[in-house]
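Please examine the sequence and the three-dimensional structure shown below.

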Amino acid sequence: MLEASQILEELDSDVGLLLWQSLRDVTLWAEVPPERREGLFSPDAAHHRLGLLTGAGAEPTVEVSLATLAALVGNPGSA
């Protein structure tokens, strides 16, 4: 079973996909030792994630939280 697939089942939308991706990224980041986090995500990951978020139609409070989590993929070494 896909980890946290309940998110995708409850929110069958772009917002649900972004929430699931964010959870997956945070989980990966937390499992990696701090000294190995730099370069964990592609250099354009934050830009790409923010672009998806812009068109997702998330509620403002959710959008702010997802934008904050996008910073994690943008700079995992200092997050």
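The model is predicted. Helix α4 covers residues 60-74, and its buried residues pack against α2 (14-31) and α3 (45-54). The orientation of each pair among these helices is described below, together with the residues that form the contacts.

**Helix α4**

- Helix α4 consists of 15 residues and reaches 21 Å from its first C-alpha to its last, close to the 21 Å expected at 1.5 Å a residue.
- The residues Leu 66, Ala 70, Leu 72 and Val 73 are buried in α4. Seen down the axis of α4, the buried residues fall within an arc of 140°, so they line one face of the helix.
- An α-helix has 3.6 residues a turn, so residues three or four places apart point the same way.
- Pro 60, Thr 61, Val 64 and Thr 68 are exposed, and they are carried on the face of α4 turned away from its buried side.

**Helix α2**

- Helix α2 has 18 residues, which should span 26 Å at 1.5 Å a residue; its end C-alpha atoms are 26 Å apart, so the two values agree.
- The buried residues of α2 are Val 15, Gly 16, Leu 18, Trp 20, Gln 21, Ser 22, Asp 25 and Trp 29.
- The cover over these buried residues of α2 includes α1 (5-10), α3 and α4.

**Packing of α3 with α4**

- The helices α3 and α4 pack at an angle of about 165°, with their axes 8 Å apart. This angle makes α3 roughly antiparallel to α4.
- The crossing of these two helices, α3 and α4, is right-handed.
- On the α3 side, the contact is made by Ala 45, Ala 46, Arg 49, Leu 50 and Leu 53. On the α4 side, it is made by Glu 63, Leu 66, Ala 67, Ala 70, Val 73 and Gly 74.

**Packing of α2 with α3**

- The axes of α2 and α3 come within 11 Å and cross at roughly 155°. The helices α2 and α3 are therefore roughly antiparallel to each other.
- The crossing in which α2 passes α3 is left-handed.
- From α2, the residues Leu 18, Gln 21, Ser 22, Arg 24 and Asp 25 meet Arg 49, Leu 52 and Leu 53 of α3.

**Packing of α2 with α4**

- The axes of α2 and α4 come within 10 Å and cross at roughly 40°. The helices α2 and α4 are therefore oblique to each other.
- The crossing of α2 and α4 is left-handed.
- In α2, the residues that take part are Val 15, Leu 18, Leu 19, Ser 22, Asp 25, Val 26 and Trp 29. They meet Val 62, Leu 66, Leu 69, Leu 72 and Val 73 in α4.

- Ser 22 lies in helix α2 and counts as buried, at 4% relative accessibility. Not counting residues up to four places away in sequence, Ser 22 touches Arg 49, Leu 66 and Leu 69.
- Asp 25 is also found in helix α2 and counts as buried, at 5% relative accessibility. Not counting residues up to four places away in sequence, Asp 25 touches Phe 41, Arg 49, Leu 72 and Val 73.

- Glu 63 is found in helix α4 and is partly exposed, with a relative accessible area of 33%. Not counting residues up to four places away in sequence, Glu 63 touches Leu 53 and Ala 58.
- Thr 27 has its place in helix α2 and counts as partly exposed, at 22% relative accessibility.
- Glu 63 and Thr 27 are 36 residues apart in sequence and 19 Å apart in space, C-alpha to C-alpha.
- Thr 27 and Asn 75 are 48 residues apart in sequence and 15 Å apart in space, C-alpha to C-alpha.

Methods
Residues numbered from 1 in each chain as written. Predicted model: local features only at pLDDT ≥ 70, side-chain atom pairs only at ≥ 80, totals over all residues. Heavy atoms only, no water. Helix = DSSP H or I, 4+ residues; strand = E, 2+ residues; numbered from the N terminus. Expected span 1.5 Å × (residues − 1). Buried < 20%, exposed > 50% of the residue type's maximum accessible area, 1.4 Å probe, protein only. Arc of directions from axis to C-beta. Contact = heavy atoms within 4.5 Å. Axes fitted to C-alpha atoms, helices over the stretch in contact; angles between N-to-C directions. Parallel < 35°, antiparallel > 145°, perpendicular 65-115°, else oblique. Left-handed = near helix turned anticlockwise from the far one by under 90°.
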